[in-house]
Amino acid sequence: MLRGLGDFVGSTSPEVKALQQKERDVLRAAVGDAMDKLASVEWKDPTDVRRALDQCAADLDRVEKALERLPGLGMVTEKR
């Protein structure tokens, strides 16, 4: 996921590219936040660990879905 964020090449349009890069940076921060939350969990109570893992997985899933939409961010789409 981080590789996908790092390898992302934005639009050739400067305005769209700036919007895409800003969103990419937000997504990178979200991945970092998810990892930081996971690292701060005390590994004594299995229930807390499971809850933290589930939350991290949900956060990363949201980032992955947003990453898939990133190339189309700011682009005009045709509605039919």
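I call a residue buried under 20% relative accessible area, exposed over 50% and partly exposed in between, using a 1.4 Å probe on protein chains only. I am working on a predicted model, where local features need pLDDT of at least 70, side-chain atom pairs count only at pLDDT 80 or more, and totals for chains, interfaces and linings use all residues. My numbering runs from 1 along each chain as its sequence is written, and side-chain values use heavy atoms, with hydrogens and water left out.

**Entry 1: salt bridges**

I counted a salt bridge wherever a side-chain nitrogen of Lys or Arg sits within 4 Å of a carboxyl oxygen of Asp or Glu. That rule gives seven salt bridges. Side chains of opposite charge can pair when their charged atoms come close.

I looked up K44 and found its side chain paired with that of E42, at 4.0 Å from N to O. Both K44 and E42 are exposed.

D48 and R51 both lie in α3, three residues apart, about one turn of the helix. Their side chains form a salt bridge at 3.0 Å, N to O. D48 counts as partly exposed because its relative accessibility is 34%, and R51 at 52% counts as exposed.

R50 and D54 are also both in α3, four residues apart, again about one turn. I get 3.3 Å from N to O for their salt bridge. R50 is partly exposed at 49% relative accessibility, and D54 is partly exposed at 41%. I also noted one network, in which salt bridges with shared partners join K37, D59 and R62.

An α-helix has 3.6 residues a turn, so residues three or four places apart point the same way.

**Entry 2: helix α2**

I checked the span of α2 next. Its 26 residues reach 37 Å from first C-alpha to last, close to the 38 Å expected at 1.5 Å a residue; the expected span is 1.5 Å times one less than the number of residues. The buried residues of α2 are V16, Q20, R24, L27, V31, A34 and L38. They pack against α1 (2-7) and α3.

**Entry 3: Q20**

Which residue in helix α2 did I pick? I picked Q20. Q20 counts as buried because its relative accessibility is 1%. I then looked for polar contacts, meaning N or O pairs within 3.5 Å; within protein, one atom must be able to donate a hydrogen and the other to accept it, and residues adjacent in sequence count only if both atoms are side-chain atoms. A polar side-chain atom of Q20 lies 2.7 Å from the backbone nitrogen of S11. The Q20 side chain also reaches the backbone oxygen of L70, at 3.4 Å.

For contacts I used heavy atoms within 4.5 Å. Leaving out residues up to four places away in sequence, Q20 touches F8, G10, S11, L70, P71, G72 and L73.

**Entry 4: cores**

By nonpolar core I mean a set of buried Ala, Val, Leu, Ile, Met, Phe, Trp, Tyr and Cys residues joined through side-chain atoms within 4.5 Å. The largest one has eight residues: L5, F8, L27, V31, V63, A66, L67 and L70. The largest share, three residues, comes from α3. Apart from this core lies another of six residues, including A34, L38, V41 and A52.

I finished with V63, which is in contact with M1, L27, A30 and V31, leaving aside neighbours within four places in sequence.

Note on methods. Helices (H or I, at least four residues) and strands (E, at least two) are DSSP runs, numbered from the N terminus.
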